[in-house]
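Hi everyone, thanks for coming along. I'd like to walk you through one model today, so please have a look at the screen.

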Amino acid sequence: MVQEYEVIVVGGGPAGLSAGIFIARQKTSCLLISKDLGGQMNLIPKLENYPGMMMSSGPLLAKTLESQFLAFNGEMIYDTVTMIEEAEEGMKVKTNRSEYITKAIVLAPGKVPNSLGVENESTLSNKGVHYCTKCDAPFYQGRVTATVGVGGYLLESGILLSRMASKVYLIYKGGTLGGDKEMIASIEKKENVQLVPQSSVKSISGTNNLQSVTVVDNSGKETTLQVDGLFIEMGSKINLDFVKHLVKINSKGEIEISEGGKTSHPAIFAAGDATSIPYKQIVAACAGGANAGLSAFNYIERLKGRPGIRADWKKTIGDTVFHY
Ligand SMILES: Cc1cc2nc3c(=O)[nH]c(=O)nc-3n(C[C@H](O)[C@H](O)[C@H](O)COP(=O)(O)OP(=O)(O)OC[C@H]3O[C@@H](n4cnc5c(N)ncnc54)[C@H](O)[C@@H]3O)c2cc1C
């Protein structure tokens, strides 16, 4: 028999786990389906910008969020969602191993950063090799760094690093920098940024930590740069093949959401890095998850003919207006 849940959450990163906590805590049956626990948080050994914690780690936060979700009787399975379809009873969620029926869905499938594809890259990941400049640049105060990437990602990476590092090599394939003119002008004014045009990274090396990056230019000339950190900003992959026929996707390949994590489909809500929010960070994913989770809960309540919860109560007593 096909199992039924009031809400199914897709994704076990901070957005999905937070959505699950807020749904399950309202005593609404909730299944969270994810390929793994934690998502991109598994790439963060040192987490220092999650409010309320001086220093933590991505995997530790993932485990804590999972425990909270399970404590509220949420259910979790490790599987991959391959297709979501409309069904008579609501929505059908197909996975590699099973099928489920649900009334509402929270999408939180996140994204995966693109890699450079050089030898040693995964071994030196978080040991000098990084994929999120806005997350990890502050660890490189006064140190020598390089950044390689494309378009706006590269420009932003260079600007952020130049505020922290003593030196930034900006490595790019083209002859001139492409992208936002204001950002390019800002980069060109920075004294600690050295442009490395018409070049790509050939190899990286280091024993315990990254020590050097060898670049090759269009003429085949190789140069080895001694660096403490290499930031790879080649964009990310968001895979929404399983749901793109049901929700509006924007030009960046993200799920378009409005207030409360609402998508273009009334029974589907979304949160986190796979959505159109501007700042892709853990605290933003958690907040989005809470919003989408409560919106899904409200949707279920209204299906049952109940009023749901409101965030905009207003009461006037005498001259005083109370908002709560
Ligand atoms: C190297 C790196 C360092 C970072 N450092 C920081 C930092 O210091 N501070 C900070 O605030 N942010 C940091 N970030 C960003 C932060 O990790 C993300 O903003 C956050 O993880 C996004 O959460 P999410 O839940 O939307 O997506 P994700 O974390 O990407 O999680 C998505 C989840 O969905 C699952 N999934 C995807 N598709 C399916 C499917 N079809 N079926 C089932 N499951 C699926 C994935 O397996 C994964 O578990 C960093 C990111 C990277 C890459």
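I'll go through the cysteines, then the aromatic rings, then the ligand, and finish with one threonine.

A word on ground rules before we start. This is a predicted model, so I describe local features only where pLDDT is at least 70 and count side-chain atom pairs only at pLDDT 80 or more, while totals for chains, interfaces and linings use all residues. Residues are numbered from 1 along each chain as its sequence is written, and side-chain values use heavy atoms, with hydrogens and water left out.

Let's begin with the cysteines. How many disulfides does the structure hold? There is one, where a disulfide is a pair of cysteine sulfur atoms within 2.5 Å. The partners are Cys132 and Cys135, with their sulfur atoms 2.1 Å apart. The link between Cys132 and Cys135 is right-handed, with 55° about the S-S bond. Cys135 is partly exposed, at a relative accessible area of 25%; on this scale, buried means under 20%, exposed means over 50%, and partly exposed is in between, using a 1.4 Å probe and protein chains only.

What about Cys30? Cys30 is in no disulfide, and the nearest cysteine sulfur, that of Cys286, is 15 Å away. Cys30 is buried, at 2% relative accessibility. Cys286 is in no disulfide either, and there the nearest cysteine sulfur is that of Cys135, 13 Å away. Cys286 also counts as buried, with 9% relative accessible area.

On to the rings. The whole structure gives three aromatic pairs. For a pair, the rings of Phe, Tyr and Trp (its six-membered ring) must have their centres within 6.5 Å; planes under 30 degrees apart are stacked, over 60 edge-to-face, and the rest tilted. One of them is Tyr140 with Phe231, edge-to-face, at 5.5 Å centre to centre and 85° between the planes. This pair links distant parts of the chain, 91 residues apart: Tyr140 is in the loop between α3 (133-136) and β9 (144-149), and Phe231 is in strand β15 (residues 229-233). Helices (H or I, at least four residues) and strands (E, at least two) are DSSP runs, numbered from the N terminus. Tyr140 is buried at 5% relative accessible area, and Phe231 is buried at 0%.

There is a charge over a ring as well: Lys46 lies over the face of Phe139, 4.7 Å from the ring centre. The test is NZ of Lys or CZ of Arg within 6 Å of the ring centre and within 35 degrees of the ring normal.

Now the ligand. Around the ligand there are 34 residues, of which Asp36, Gln40, Asn49, Asp273 and Ile282 come nearest; a residue counts if one of its heavy atoms lies within 4 Å. A side-chain N or O atom of Gln40 is 2.9 Å from a ligand oxygen. From the backbone, an N or O atom of Lys111 lies 3.3 Å from an oxygen atom of the ligand. The protein covers 95% of the 1000 Å² of accessible area that the ligand has on its own, by the Shrake-Rupley method with a 1.4 Å probe; for residues, only the protein chains shown count as cover.

Last stop: Thr102, in strand β6 (residues 99-107). Thr102 is buried, at 1% relative accessibility. Its side chain reaches the backbone nitrogen of Ile8 at 3.4 Å, and a polar atom of the Thr102 side chain lies 3.0 Å from the backbone oxygen of Ala104. Polar contacts here are pairs of N or O atoms within 3.5 Å; within protein, one must be able to donate a hydrogen and the other to accept it, and residues adjacent in sequence count only if both atoms are side-chain atoms.
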